[in-house]
Amino acid sequence: EKLIPELAKIMNESLLSSLTTAIVTLSASPKTVEEFVEYLEFLHHTTDEQDEVSTRFVTVTDMYRMMEDHGVRIPEEEHALFQTLRPTFEKLKEVITTCESTKDDKMNKFIIQLEQNISKLRSLTLEVKTHAQHYMISNPASDSYDVQEYLNHLLTQVEELKNQAQNYVRYQDMFKVDVARFDDLEETYRDIN
């Protein structure tokens, strides 16, 4: 007799929490390419889980209906919380529809931002490549420890740039645009390494 009311309360709170998190996350406006990618991944995940969320909604609704039909006392605060379930569930469906309808416009904005990021990455690659030409490296009189430290620093920078480039390629693939090549970056990596 106590199991179903307790289970219904836990399931209701859990579902409301999931719905609210999804609504807040999908209602946020991404500012960077990385945030937009997270937003797209979350939208895709949320859309894929709609059937499961609908099943959870029906289950919780049925449990509360059964308790009401059998005269099981539901605390006022808990009943008020349950009353917010349907509007929250419907709100998530609206938010998903809005997100899907505005996705392409947002993507176009972030494609431009991604192109700017790639251009910046290419400039940073050129800077590292220029630093790799430092006279200290080829000067036999240079302290070998200093040269090694300098090259290690450049290698760290190139590895960070390579990670960024890999992310950018993944984003371009996700946005279904031509994928950039980073031959200069690979060449710089080989030269330093």
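## Terms and model

Helices are DSSP runs of H or I with at least four residues, while strands are E runs of at least two, and both are numbered from the N terminus. This is a predicted model, in which local features need pLDDT of at least 70 and side-chain atom pairs count only at pLDDT 80 or more, while totals for chains, interfaces and linings use all residues. Residues are numbered from 1 along each chain as its sequence is written, and side-chain values use heavy atoms, with hydrogens and water left out.

A salt bridge is a side-chain nitrogen of Lys or Arg within 4 Å of a carboxyl oxygen of Asp or Glu. The count by this rule is 7 salt bridges.

One of them joins D62 to R65, with 3.1 Å from N to O. Both residues belong to helix α3 (residues 50–69) and are 3 residues apart, about one turn of the helix. Relative accessible area sorts residues into buried (under 20%), exposed (over 50%) and partly exposed (in between), using a 1.4 Å probe and protein chains only. D62 is partly exposed at 39%, and R65 is partly exposed at 42%.

Another salt bridge pairs E90 with K93, whose closest N and O atoms are 3.5 Å apart. This pair lies in helix α5 (residues 85–131), again 3 residues apart, about one turn of the helix. E90 is partly exposed at 30%, and K93 is partly exposed at 33%.

## A salt bridge between two helices

E186 and K162 form a salt bridge of 3.6 Å, N to O. The pair links distant parts of the chain, 24 residues apart: E186 sits in helix α8 (residues 183–192) and K162 in helix α7 (residues 144–175). E186 is partly exposed, with a relative accessible area of 33%, whereas K162 is buried at 18%.
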